Amino acid sequence: PPRRFTELKHYSDELQSVISHLLRVRARVADRLYGVYKVHGNYGRVFSEWSAIEKEMGDGLQSAGHHMDVYAASIDDILEEEEHYADQLKEYLFYAEALRAVCRKHELMQYDLEMAAQDLTSKKQQCEELATGTVRTFSLKGMTSKLFGQETPEQREAKIKVLEEQIKEGEEQLKSKNLEGRDFVKSAWADIERFKEQKNHDLKEALISYAVMQISMCKKGIQVWTNAKECFSKM
């Protein structure tokens, strides 16, 4: 296959590997984050229980517990938003598989072309051998002729005529397969270049949005603890 298809196949393998690894890391981070958020719910429960036995500090503890409960409950919406960005990345696992499918189809077309060329060469050689009466290579046909005698001129002419027809068809088929292969490469490569450009835009957008979401999430965490600090200060 052409070098660019070999390189494309290698690129698609690496792209799928990288995105798969990125998605696994994201899932592990999300699991840990879920645990951290839900543990804040324990803060909320403990502060609420504590407020029940305190007179002067009760209101402050109750308010801090409320902030912790809200923070703990917000993780579900956050993970849902995260999953949206993960789905955008997962689409490019299918993109990588599509690239490999293009490479496989090109390899099959190349194989069919080579088989057609080989078959045409074989028929031309058979036709030449029949026309000249010489056998270039060892074959079952040549061995049979030696054992049972040569064919009659009429039989040989009939076979030559059939082979000539087959050669003509083979040449047309080879020409058609060559044209089909060139058209496939041209259209496939145009699609690949367009998809690459779209991929760059989509992945850049998804990664930036994910980073912005993480920043926003951390700011909310800071705000929760800032609010809790104010509650404690007023006690």
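## Briefing: helix packing and salt bridges

E82 has a relative accessible area of 0%, so this residue is buried. The model is predicted. Across the whole structure, 13 salt bridges are found. Helix 1 (residues 3-51) also packs against helix 5 (residues 153-233), their axes coming within 13 Å.

**Helix 1 against helix 5**
- The two axes cross at roughly 15 degrees. This angle is under 35 degrees, so helix 1 runs roughly parallel to helix 5.
- The crossing is left-handed.
- Helix 1 brings residues including F5, L15, R26, Y37 and F47 to the contact. Helix 5 brings, among them, W189, K196, Y210 and W225.
- The contact residues comprise 17 nonpolar, four charged and one polar.

**R26 and its partners**
- E82 and R26 form a salt bridge, N to O at 2.6 Å. E82 belongs to helix 3 (residues 75-132) and R26 to helix 1, so the bridge ties together parts 56 residues apart in sequence.
- R26 is buried, at 13% relative accessibility.
- E83 also forms a salt bridge with R26, with the closest N and O atoms 3.4 Å apart. This pair links helix 3 to helix 1 across 57 residues.
- E83 is partly exposed, at 31% relative accessibility.

- E97 and R104 form a salt bridge, their closest N and O atoms 3.0 Å apart.
- E97 is partly exposed at 31% relative accessible area, and R104 is partly exposed at 39%.
- Shared partners join the salt bridges of R26, E82, E83, D87 and K90 into one network.

Methods. Residues numbered from 1 in each chain as written. Predicted model: local features only at pLDDT ≥ 70, side-chain atom pairs only at ≥ 80, totals over all residues. Heavy atoms only, no water. Axes fitted to C-alpha atoms, helices over the stretch in contact; angles between N-to-C directions. Helix = DSSP H or I, 4+ residues; strand = E, 2+ residues; numbered from the N terminus. Parallel < 35°, antiparallel > 145°, perpendicular 65-115°, else oblique. Left-handed = near helix turned anticlockwise from the far one by under 90°. Contact = heavy atoms within 4.5 Å. Nonpolar A, V, L, I, M, F, W, Y, C, P; charged D, E, K, R; others polar. Salt bridge = Lys/Arg side-chain N within 4 Å of Asp/Glu carboxyl O. Buried < 20%, exposed > 50% of the residue type's maximum accessible area, 1.4 Å probe, protein only.
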